[in-house]
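Visitor: Hi, I have a model open and would like a quick tour. Could you walk me through it?

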Amino acid sequence: MPSAGIASNGRPDPDVERRQRIAAAMVELVVEQGYGATTVAQLLERARVSRAELRRLFAGKQACFLAVYDEIAESFTGEVLTAFGREEAWRDGLRAAAYAAARWVAAHPREARYATVETMMAGEFAVARREATLRRFVDLVDTGRGQLEDPDSVSRAMAEGVVGGILGTLTKNMRRGTRARPKDFVPELMFLAVRPYLGLAVAREELSIPPPPEPGREPLAERG
């Protein structure tokens, strides 16, 4: 079988390239003016495709929006869940996941805004996709109940509140155009996430723990 993006004749698949242009145009237009103001005509012009080419790849404007959202969400959650899974301890995994998320958002500001702020205005199907993504992160935080002697003493609602607070902070910063560095805000978010499960003293430690090394980069102290 041909590889992804490669047609049976061994040449690049033109539909893959068109799809990438359409996806990029959708993100640009929605971030610039919102989902409601974005028209199919604008999408065709920005992506440099015909209406027939768009229809061959997507059922319509909303289908295109959702497909692009799914790609963004998969990229983001993949980075975060991989970071979490590298660590054995819940707290270390959560910290690694938080920094991975912050780095992804810093590297993809338009995509992050598309998947958070703009998705809320793209209809019930888009909101449902967003909520499904958030539940995956609630699951990570909620695992913290396993740190307690009585896991039932804290409900899943606690994790939902933590994730909601983090999302609120992220959304506010994006609306303001704030480009804070991860190390400037992740420790405070970790403090909020850890406190219900490990207590105030442990949560305070998070405020002074340095960021973990990025994948592929060893700590400075270990470099020869």
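Visitor: What should I know before we start?

Guide: This is a predicted model, where local features need pLDDT of at least 70 and side-chain atom pairs count only at pLDDT 80 or more, while totals for chains, interfaces and linings use all residues. Residues are numbered from 1 along each chain as its sequence is written, and side-chain values use heavy atoms, with hydrogens and water left out.

Visitor: Thanks! How many helices and strands does the chain have?

Guide: The chain has ten helices and zero strands. Both kinds are DSSP runs numbered from the N terminus, with helices being H or I of at least four residues and strands E of at least two.

Visitor: And what percentage of the residues count as buried?

Guide: Of the 224 residues, 37% count as buried. Buried means under 20% relative accessible area, exposed over 50%, and partly exposed in between, with a 1.4 Å probe and protein chains only.

Visitor: Which residues touch the most other members of the largest nonpolar core?

Guide: That core has 56 residues, and those touching the most other members are Ile-22, Met-26, Leu-43, Phe-65, Val-68 and Tyr-114. A nonpolar core here is a set of buried Ala, Val, Leu, Ile, Met, Phe, Trp, Tyr and Cys residues joined through side-chain atoms within 4.5 Å.

Visitor: Which helix gives the most to this core?

Guide: Helix 4 does, with eleven residues.

Visitor: Let's zoom in on Ile-22. What does it touch?

Guide: Leaving out residues up to four places away in sequence, Ile-22 touches Leu-43, Ala-47, Val-49, Leu-54, Leu-57, Phe-58 and Cys-64. Contact means heavy atoms within 4.5 Å.

Visitor: How far does helix 1 reach?

Guide: Its 20 residues reach 28 Å from first C-alpha to last, close to the 28 Å expected at 1.5 Å a residue. The expected span is 1.5 Å times one less than the number of residues.

Visitor: At what angle do helix 1 and helix 4 cross?

Guide: Their axes cross at roughly 95° and come within 10 Å. Helix 1 and helix 4 are therefore roughly perpendicular to each other, a label for angles of 65 to 115 degrees. On the helix 1 side the contact includes Arg-19, Ile-22 and Met-26, and on the helix 4 side Lys-61, Phe-65 and Glu-71.

Visitor: What classes of residue make that contact?

Guide: Helix 1 and helix 4 meet through ten nonpolar, no polar and three charged residues.

Visitor: New topic: where is Glu-118, and is it buried or exposed?

Guide: Glu-118 is in the loop between helix 6 and helix 7. It counts as buried because its relative accessibility is 8%. Its contacts beyond four places in sequence are Val-30, Val-31, Gly-34, Tyr-35, Phe-65 and Arg-113.

Methods. Axes fitted to C-alpha atoms, helices over the stretch in contact; angles between N-to-C directions. Parallel < 35°, antiparallel > 145°, perpendicular 65-115°, else oblique. Nonpolar A, V, L, I, M, F, W, Y, C, P; charged D, E, K, R; others polar.
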